[in-house]
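Please read this note with the structure open beside it, and go through the points in order.

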Amino acid sequence: MSDQFHKNIRSALDNPSLQAALDANAIRRLNANQQAFASLGEDLQVVRQRAHERRVRTIENLDFFLEQFITQVKDNGIIVHRARDAQQAVQIVLEIAQDNQAKLIAKSKTMVSEEIGLNHILEAAGLRVVETDLGEYIVQLRGERPSHIITPAVHLRRAEVGQTFHEKLNIPYTQDVPTLTAAARRVLRETFLTADIGISGVNFGVVESGTLCLVTNEGNGRMVTTLPEVHIALMGIERLVPTLDDLALMLALLPRAATGQKITVYTSLINSPRRANDPDGANQRHLVLVDNGRNRMRESPLAEALLCIRCGACLNACPVFREIGGHAYVSKAGEGSPYPGPIGSIVSPVFFGQSEFGQLARASSLCGACKQACPVDIDLPKLLLRVRAGGVEMDPSQALKNVPGGVAWGLRLFTWLATNPGRFALAEKAGYIFSRIFAPFSRWLRLPSFTGWGYSKDMPSPAGRPFRERWSTGENRSSMALSTFRKEFPIQGRSSETIQEKSKPPERSTQEPRPPGDKDLVKRFSKELITLGGTFTYCQIDEDGKGSSEDLVRYIREFLQDREVAEIQAWDWNQFPDDLLPGLQAAGIHVVNQPDSEIKIGLTGALAGIAETGSLVLPSGPGRPLTASLLPEIHLAVLRADTIYENLAQVLNLPDIKESAAVVLVSGPSRTGDIEMTHTIGVHGPVEVHVFCLIAE
Amino acid sequence: MAETAQLLVTCIIDSLYPATGEAVVQVLNKVGVPVAFPSNQTCCGQPAFNAGMRAQSRSMAEHTIRVFENTEGSIVVPSGSCTAMIRYGYPELFHGEPVWLQRVRTLSERTFEFTEFLVDVLGVSDLGAHFPDSCTYHASCHLLRDLGVSRQPHILLEAVHGGQFAELPHSEECCGFGGLFSVEHPEISGAMLERKIANIEASRANLVISCDAGCITNINGGLHRLGKPQRAVHIAELLAESIRDKSDD
């Protein structure tokens, strides 16, 4: 066994730095996810089942939903393209780039682009493509592939990142994660501001509203969908959710399962290109819907894999991934797949070929940790077994191509023996005799390494007299089976009841959400925001909310004076209490509306707040530049207490959400965990978020 | 008089650990359940199923179904993995064949893993077992995650007198067996087992209790290779220990 896969496995196991990184990932992620799921407010198993059913319904009716979705997206003014395969998808992107005479493309993380091999074809066409997710940026600088679908640089330690940055970015060598992050921020800021096209993925497409939903922590997803004139979104056709309620359900699960967060820092909801009076946002938006084998998968026994929401939880839970890491997963020809781990071993053969990639599914002990970790309850072990049995076609000859020869012949022999009790008994005897010859004085056999078993384990010798033989001589058929013994062990319950009770789902909580502005909600909001690293300040205001707001004016003025800042980017005056901007101007603060990368502080209002997650809801629109909460290092937000809602689902159904070109939910300062999962604040978006909450007297 | 239970002893226990099979019989007898052993049984077909060779797996499954559908009463299997094969593997294997599926369903409804049978079907908790040393528990994957059996072995272990129960750190992590996985991917399997052994050492217990002979073979194989003193044994042997002690008296 000296193929590339086994070589990779051995070198991964022999790489102490990789082992340390993978261990840290497994431990950190597991703990974080458990904590995050505990905050769901409902039994995880119930929520998982609901999500599973929603996903099944979506995939079963995919044609219908896809058609509806496309109609809605087109109505919203987004140009829709459909790609049958990878080649078509790449061609579509290339043509859009050429039509716009693009030279520089800024990309946020999209697994579909890795799947279709987009970067090197764009580069071959003379375009400069820059990955802007910190992890992706690191692996791009190193000329590697992502080794994980959520944390692309999970295989690296900080020293390796420091060395890469030192070599490629010409900065002094350092292992300090905040310094490395700040270096990437500086370099990539230039890319965002000058890129001709932004390319992103799509986490969910909402059928009822035609919304593209993107979740990121760093802010690069917002940058590439807001700053360049042209935005191209790449999306697998299976990533649909029928309604905004379904979106809320998936958004409750995705970040928790992926990174142990209740919500990602930025949840972008993109409805349309920039509108006539919008101050910023991409002017031209394209959606490329990629099939690339998904429809074939949908009609196959592997259809369940389409429920996947790409959270990476199965990778983090998988004991095999923990040993070998994402880069080890390769085809027979040594070609990598962007999708490693359990889900990757199921989908890679569909996207890239069963005979080449089918072997990956055999690298699993079928322990089921992946299924247990999956937030939409995909039966991954069952699907891995189907890939082993021939994949999409369930073709036995395909299956055999990936069974090592010795194993296949061994199993044929075993089957011949095991379908006949006489032969089976003889074989047991033969096994015993063999073991006596091989190791006459030991109860243990030390098999040679090439047998696989002998690599690290000894084998107990077969018994001289197997159970069946002992039984047939009657020596263990004890006569203790007397009903008198029964009295000692009273029966507590029958199986049928116990098993049913065990599988019975707990009741779903049907509690009505509290009305917006409820005192407890405001408290909850402030607690969550502070946990995320933001600050929260109460400001008294007149009953009608429009009049005097002396508190607010004073707090913000003092804040700006403290930071010695005289110029801010802000939403229009009519988005705030009447006296706020005049009050600031009177204090000598210069207020601009247009984006300016030199400005340190952005001041925004907010459509609403979400108590559960401490999130601000910021819609685009006239007088409401998206950049004010994105480009400056410090984001100040004015939020009315009576617009603080309990949960995401309530907010998603507010009319303004569907009516704005784009909406972003901001949950604390920009952050990343891409270097050794070290939580670092401030990658691309603001480093500080301060909320001033207006409460009527 | 309790209904006779049919023992599906599993091919591993049959050929490698006949004493475990006997312990199962002794424990069942002790709680008043007579045991029958359909002697034509061989293997449930899981090795070929997991290898992706479904035709081969199917012929073994058909054999097993034929052997056991001619019997009556509960089928007791001292293995979470083989029980899961019958309960979840067989429906997959005979997918789309209503007649076979009905036979599978009838069989599967009668089939219980050993500890599941003791605790859920018989309602037994204290078997009066006695063990004077420390032991710990490895949660076998198919038992835990396919069958959802975790409470049952713990109830039985808590009732063992004399020794002390030690928690096994990360007891729910796979030991690296995975059937033919351990042969096809010995490097990964070995690395997973290394972790398991480190956790066994951390538990400070001398005995690791498991409900699956596959895990036991794997864990002991590694322990023996490394010259470690700890051993894994099947729960039935622990539960039968006191029965044997008493019969010695």
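This is a predicted model: local features need pLDDT of at least 70, side-chain atom pairs count only at pLDDT 80 or more; totals for chains, interfaces and linings use all residues.

1. Residues are numbered from 1 along each chain as its sequence is written, and chains are lettered from A and ligands numbered from 1 in the order in which they are written.

2. Between the two chains, 73 residues of chain A are in contact with 70 residues of chain B, where contact means that the C-beta atoms of two residues, placed from the backbone, lie within 7 Å. The side of chain A that touches chain B has 40 nonpolar, 18 polar and 15 charged residues; here Ala, Val, Leu, Ile, Met, Phe, Trp, Tyr, Cys and Pro count as nonpolar, Asp, Glu, Lys and Arg as charged, and the others, Gly among them, as polar. Helix α21 (residues 405–418) of chain A gives the most to this side, with seven residues; helices (H or I, at least four residues) and strands (E, at least two) are DSSP runs, numbered from the N terminus.

3. Chain B is assigned domain 1 (5–120) and domain 2 (130–248), with bounds that come from an automatic or database domain assignment. The C-alpha centres of these two domains of chain B lie 21 Å apart, and their contact takes 30 residues from domain 1 of chain B and 24 residues from domain 2 of chain B. On the side of domain 1 of chain B that touches domain 2 of chain B, the largest share, seven residues, comes from α2(B), and that side has 16 nonpolar, 10 polar and four charged residues.

4. In chain A, six strands form an open sheet with parallel pairing, in the order β13-β24-β19-β16-β14-β15; two strands pair if DSSP finds at least two bridges between them. The edge strands, each of which pairs on one side only, are β13 (535–541) and β15 (590–592) of chain A. Within the sheet, β14 (residues 567–570) and β16 (residues 601–604) of chain A pair over three bridges in the parallel sense, and Ile568(A) has Ile601(A) in β16(A) as its bridge partner.

5. Which helix of chain A lies across β13 and β24? Helix α26 (residues 519–532) of chain A does, running at about 145° to β13(A), with axes taken as lines fitted to C-alpha atoms, for helices over the stretch in contact, and angles running from 0 to 180 degrees between N-to-C directions.

6. Helix α3 (residues 44–60) and helix α12 (residues 244–259) of chain A pack at an angle of about 130°, with their axes 10 Å apart. That angle makes α3(A) oblique to α12(A), because angles under 35 degrees count as roughly parallel, over 145 as roughly antiparallel, 65 to 115 as roughly perpendicular and the rest as oblique. The contact of α3(A) with α12(A) has six nonpolar, no polar and three charged residues; Arg50(A) and Arg54(A) are among those in α3(A), and Asp246(A) is one of those in α12(A).

7. Helix α9 (residues 158–169) and helix α10 (residues 177–194) of chain A pack at an angle of about 35°, with their axes 10 Å apart. Their contact includes Phe165(A) of α9(A) and Leu180(A) of α10(A), and its residues divide into seven nonpolar, one polar and one charged.
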